[in-house]
Amino acid sequence: MFESGYLALFLASFLAATVVPFSSEAILSGMLATGYDLYLSLALATLGNWLGGLSSYYIGWLGKTEWIEKYLRIKHEQIVKNQNKIAGKELWISFFCWLPGVGDVLAVLLGLLKVNVWNAAIGMLLGKLVRYIIWALLTLKVIELF
């Protein structure tokens, strides 16, 4: 079973990819500084953050474009135009769901626009993995300095 530190990292990473403001990077850095396994920590942080991003995507998927038209006063033609602009770029757009502040909103919008779920999932996974790898490497370099 998971040691509580690994479980905390997974949960923090999941929450950080939802609308809950949370920093999973600080927990990852703390765990690496105290000797937790790099590869398991990266895997759990990425998995938790990816699943959190997919939950945001799914929340968007449950939404209706009529809501966009009604509450945001965006015409149906504009929504279709944006869907066409995104088509074929879902993977690259979803790659940036790791960005602080806008990433969660981006995941919800991708779901709301009903972009290809596989492209969105793969793009999110790659983006979140790359982010955690870079963060972990930077953390390890800082630890070496002390």
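**Figure 1. Helix α1 passes helix α3 in a right-handed crossing.** This is a predicted model, in which local features need pLDDT of at least 70, side-chain atom pairs count only at pLDDT 80 or more, and totals for chains, interfaces and linings use all residues. Residues are numbered from 1 along each chain as its sequence is written, and side-chain values use heavy atoms, with hydrogens and water left out. A crossing is right-handed if the near helix is turned clockwise from the far one by less than a right angle. The axes of α1 (residues 4-16) and α3 (residues 38-62) come within 7 Å and cross at roughly 30°. Axes are lines fitted to C-alpha atoms over the stretch in contact, with angles from 0 to 180 degrees between N-to-C directions. Helices are DSSP runs (H or I, at least four residues), numbered from the N terminus. Among the α1 residues that meet α3 are Tyr6, Phe10 and Phe14; their partners in α3 include Leu44, Gly48 and Leu51. Contact means heavy atoms within 4.5 Å. By class, this contact has 10 nonpolar, six polar and no charged residues. Ala, Val, Leu, Ile, Met, Phe, Trp, Tyr, Cys and Pro count as nonpolar, Asp, Glu, Lys and Arg as charged, and the others, Gly among them, as polar.

**Figure 2. Thr46 is buried in helix α3.** Its relative accessible area is 4%. Buried means under 20%, exposed over 50%, and partly exposed in between (1.4 Å probe, protein chains only). Thr46 touches Leu125, Lys128, Leu129 and Tyr132, not counting residues up to four places away in sequence. In the protein, buried residues make up 37% of the 146 residues.

**Figure 3. Lys114 has a positive phi in a loop.** The loop runs between α7 (103-112) and α8 (117-145). Phi at Lys114 is about 60°, although this residue is not a glycine. Most residues other than glycine have a negative phi. Lys114 is partly exposed, with a relative accessible area of 34%.

**Figure 4. Twenty residues line the largest pocket.** Ala16, Phe22, Trp98, Pro100 and Arg131 lie nearest its centre. α2 (24-33), α7 and α8 are the elements that give two or more residues to the lining. The largest share, three residues, comes from α8. By class, the lining has 10 nonpolar, six polar and four charged residues. A pocket is an open set of points on a 1 Å grid over the protein atoms alone, where a 1.4 Å probe fits, with protein on both sides within 12 Å along at least five of seven lines; lining residues have an atom within 4 Å of a point.
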